[in-house]
Amino acid sequence: MVTMVLEAIKYTPQGLYILDQLRLPHESVYIPIANSVDAFNAIRSMTVRGAPAIAIVASLALAVELANKEFHIADEVRVFVSEKLKYLVTSRPTAVNLSDAAQKLENLVNETEGDAKTLVGTYIAAAEKMLVDDVNDNTNIGRNGLEWSKKTIGKDKFSILTICNTGSLATAGYGTALGIIRSIHRDGLLSHAYALETRPYNQGSRLTAYELVHDNIPATLITDSMASVLLKTHPEIKMIVVGADRVAKNGDTANKIGTYQLSIIAKHHGVKFVVAAPTTSIDLRTKSGEDIVIEQRKPQELVTVRGPVIDTEGNVTKEEVRTVHIAAPGIGVWNPAFDVAPAALIDAIVTEKGVVEKDENGKFHLESFFL
Ligand SMILES: CSC[C@@H](O)[C@@H](O)C(=O)COP(=O)(O)O
């Protein structure tokens, strides 16, 4: 039995390694990321995924590349950094964390005075800080989510439903929505966690389920289509908590496909619908969900599944992991990776800086985080 780890990103100044999330939970394999091309390919193929994790991997990949390259003058570094960051941002369009990190790093390098070596050093230190800051932000999101739940839901045990993977594997550690579940569990208030399988890429059944089992959190996996009847039959579920790839200025939130339907059924069943995200996921330049670009993924992701070979009893018979086709050949496929939960259906947005709820006119004021 291979021991699985809960660390998506391993970084030292000598190198960057990422856990291949396409092979989890069947195989735990780290692969080296030596430069921005490696990072681009890893992000595009979803070898690393989750909004904060892809921003950090892209930033650190360029740090490793810069450390191993020779520059003669400062402007050479500025041009190189700008070109590479622009390229990295095109790997996946919906999560804002990547373009936010790229913009901050580019500004920093452009505004820093000094020679090429100084600029490279400044870039590397800033990229390394993003890795450290993300873990701190997530533990603060967890604490803020716990306090909000005590105030809003009460101090009796309750159950929570979540989608996709927003945990240690989607971030530098601890997680956002899954971080809140972790904090509520540690405080003794979690009755049970329910994880959606999250088709087509199964981030729920492969990654969140793995994290929940790893942490001994009482949890059950359901298919995406079971969510409404779960809420109807399990009144102890008081909260749905989801992550975010981009939160627009008005609070509309793009997240993994299936999040929108959860926001609708939460309202119908009187369950709190909570978004957990670092403030780097808030994009004040995007006015509403209408302006968010939703990534379309390849049809193959929907019509195939990957896993180890099993016998008729369900036992794994071979170590071999295979990809198999599960749909009628020739069928057309629509595969948007994300959808948008409207602000009207969101009860609270939990960040590392605090929790925002709507005012008496039903409006979120997210700009308060950036004053
Ligand atoms: C803390 S991760 C927040 C979101 O990025 C997460 O919920 C999500 O939608 C991830 O999608 P993915 O396609 O796996 O990158």
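View 1. Gly-154, which comes just after H5, takes a positive phi of about 120°. Helices (H or I, at least four residues) and strands (E, at least two) are DSSP runs, numbered from the N terminus. The helix itself, H5, covers residues 116–152, has 37 residues and reaches 52 Å from its first C-alpha to its last. This is close to the 54 Å expected at 1.5 Å a residue, where the expected span is 1.5 Å times one less than the number of residues. The model shown is predicted, so local features need pLDDT of at least 70 and side-chain atom pairs count only at pLDDT 80 or more, while totals for chains, interfaces and linings use all residues. Residues are numbered from 1 along each chain as its sequence is written.

View 2. The protein is divided into domain 1 (9–134) and domain 2 (154–295 + 335–370), with bounds that come from an automatic or database domain assignment. Taken over C-alpha atoms, the centres of domain 1 and domain 2 are separated by 27 Å. The contact takes 20 residues from domain 1 and 23 residues from domain 2, two residues being in contact if their C-beta atoms, placed from the backbone, lie within 7 Å. On the side of domain 1 that touches domain 2, H2, H4 and H5 each supply at least two residues, and H2 gives the most, with 4 residues.

**View 3. The shell around the ligand.** The ligand is surrounded by 17 residues, of which the closest are Arg-49, Ala-51, Ala-170, Gly-243 and Lys-256; a residue is near a molecule or strand if its C-beta atom, placed from the backbone, lies within 6 Å of it. Helix H2 (51–67) and strand E9 (253–256) each supply at least two residues of this shell. Because domain 1 and domain 2 both give residues to the shell, the ligand lies between them. The shell divides into 7 nonpolar, 7 polar and 3 charged residues, where Ala, Val, Leu, Ile, Met, Phe, Trp, Tyr, Cys and Pro count as nonpolar, Asp, Glu, Lys and Arg as charged, and the others, Gly among them, as polar.

**View 4. Helix H3 against helix H4.** Helix H3 (residues 74–89) and helix H4 (residues 96–111) pack at an angle of about 175°, with their axes 10 Å apart. Axes are lines fitted to C-alpha atoms, for helices over the stretch in contact, and angles run from 0 to 180 degrees between N-to-C directions. H3 and H4 are therefore roughly antiparallel to each other, a term that applies to angles over 145 degrees. Among the residues making the contact are Val-77, Val-81 and Leu-85 of H3 and Leu-98, Ala-102 and Leu-105 of H4.

View 5. A cis peptide bond with omega about 0° joins Leu-24 and Pro-25, and Pro-25 has its place in the loop between strand E2 (15–19) and strand E3 (30–33). The peptide bond from Arg-199 to Pro-200 is also cis, with omega near 5°, and Pro-200 is found in the loop between strand E5 (190–196) and helix H7 (203–214). Cys-164, although not a glycine, has a positive phi of about 60°.

How values were computed:
Angles under 35 degrees count as roughly parallel, over 145 as roughly antiparallel, 65 to 115 as roughly perpendicular and the rest as oblique.
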